[in-house]
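I am opening a notebook on this one.

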Amino acid sequence: MGTPLKVKLRTGALAFTGLTALLGGTTSNLFRWYDTQLVAGQNGGGWPAVVVRIISDPQSYVFTSQLATSFARVEFTIWSTDPIVNEDVYAQLNLFLNQFNAIGIPGLVQYPCQIVNARDGLLPNEQPPQFLKTVDAKIFSNSSI
């Protein structure tokens, strides 16, 4: 078994300068990219953060066996107190996914990472109000690398 997709995503995002410029430093403990849910109290300062959840990851099959590849559905939720910053993070996330390679073919410029849907949200009762952008993506991955 290779590296889990969520680890590949975080490692790749941490190396992508457009995201690190918006989500914090280039060290893992400062990077505001969280697994499954936003850490309580982490977004009170209004800076953006991203929460990543693997929604589904069905394996691919051929007639006689299971393959190491799959098309995972991944949900990215962008949090901020500024809707313009959310759009900036979304633009960088889109650029990141356009070059993300989770299958390990060297020299591959782009492999199918497809944003299926993006929708805006708001938590108005929070102080300050929290703006969200939820991004649904399909990511082709190889679990053997």
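**Entry 1: strand pairing at β3.** I started with strand β3, residues 59-61. Two bridges join β3 to β4, and the pair runs antiparallel. I looked up one partner: glutamine 59 is bridged to serine 70 in β4. The link between β3 and β4 is a hairpin, made through four residues. I note here that the model is a predicted one.

**Entry 2: other pairings of β4.** Next I checked β2 against β4. They pair in the antiparallel sense, over seven bridges. Valine 50 has isoleucine 78 of β4 as its bridge partner. Then I took β4 with β6. This pairing is antiparallel too, and I count twelve bridges for it. Glutamate 75 stands opposite aspartate 136 in β6.

**Entry 3: β5 and β6.** Strand β5 covers residues 113-123, and ten bridges join it to β6 in an antiparallel pair. Leucine 123 faces glutamine 130 of β6 across the pair. Six residues sit between β5 and β6 in their hairpin. How many of the 13 residues of β6 are buried? I find eleven, so I log β6 as mostly covered, with under 20% relative accessible area as the cut-off for buried.

**Entry 4: overall layout.** I stepped back to the whole chain. The protein has three helices and six strands. Along the sequence the pattern reads α-α-β-β-β-β-α-β-β. There are 145 residues, and 37% of them count as buried. I also looked at contact range. Among contacts with a separation of 6 or more, 57% are between residues 24 or more positions apart.

**Entry 5: helix α3.** I turned to α3, residues 83-99. This helix has 17 residues and spans 25 Å from first C-alpha to last, close to the 24 Å expected at 1.5 Å a residue. Which residues of α3 are buried? My list is Asn86, Val89, Tyr90, Leu93, Phe96 and Leu97. Looking down the axis of α3, I see these buried residues fall within an arc of 125°, so they line one face of the helix. I checked the N-terminal end as well. Aspartate 82 caps α3 there, with a side-chain oxygen 2.9 Å from the backbone nitrogen of isoleucine 84.

Entry 6: In soluble globular proteins, nonpolar side chains tend to be buried together. With that in mind I looked for cores. The largest nonpolar core holds 26 residues, and those touching the most other members are Leu9, Leu19, Trp33, Phe76, Phe96, Leu97 and Ile139. At least two residues of this core come from each of α1 (5-14), α2 (17-23), β2 (49-56), β4 (66-80), α3 and β6 (130-142). Helix α3 gives the largest share of this core, five residues.

I followed leucine 9 one step further. Beyond its neighbours within four places in sequence, leucine 9 is in contact with Trp33, Val52, Val74, Phe76, Phe96, Leu97, Phe100 and Ile139. Apart from this core I found another, of five residues, including Tyr34, Val51, Trp79 and Leu132.

**Entry 7: threonine 20.** Threonine 20 is placed in helix α2. Is threonine 20 buried or exposed? Its relative accessibility is 10%; since buried means under 20%, threonine 20 counts as buried. I listed what surrounds it. Not counting residues up to four places away in sequence, threonine 20 touches Ala13, Leu14, Gly25, Thr26 and Phe31.

**Entry 8: isoleucine 103.** Where does isoleucine 103 lie? I place isoleucine 103 in the loop between α3 and β5. At 7% relative accessibility, isoleucine 103 counts as buried. Isoleucine 103 and threonine 69 are 34 residues apart along the chain, and their C-alpha atoms are separated by 7.7 Å.

Definitions and conventions
Residues numbered from 1 in each chain as written. Predicted model: local features only at pLDDT ≥ 70, side-chain atom pairs only at ≥ 80, totals over all residues. Heavy atoms only, no water. Expected span 1.5 Å × (residues − 1). Buried < 20%, exposed > 50% of the residue type's maximum accessible area, 1.4 Å probe, protein only. Arc of directions from axis to C-beta. Polar contact = N/O pair within 3.5 Å; in protein donor to acceptor, adjacent residues only side chain to side chain. Core = buried A, V, L, I, M, F, W, Y, C linked by side-chain atoms within 4.5 Å. Contact = heavy atoms within 4.5 Å. Pairing = 2+ DSSP bridges.
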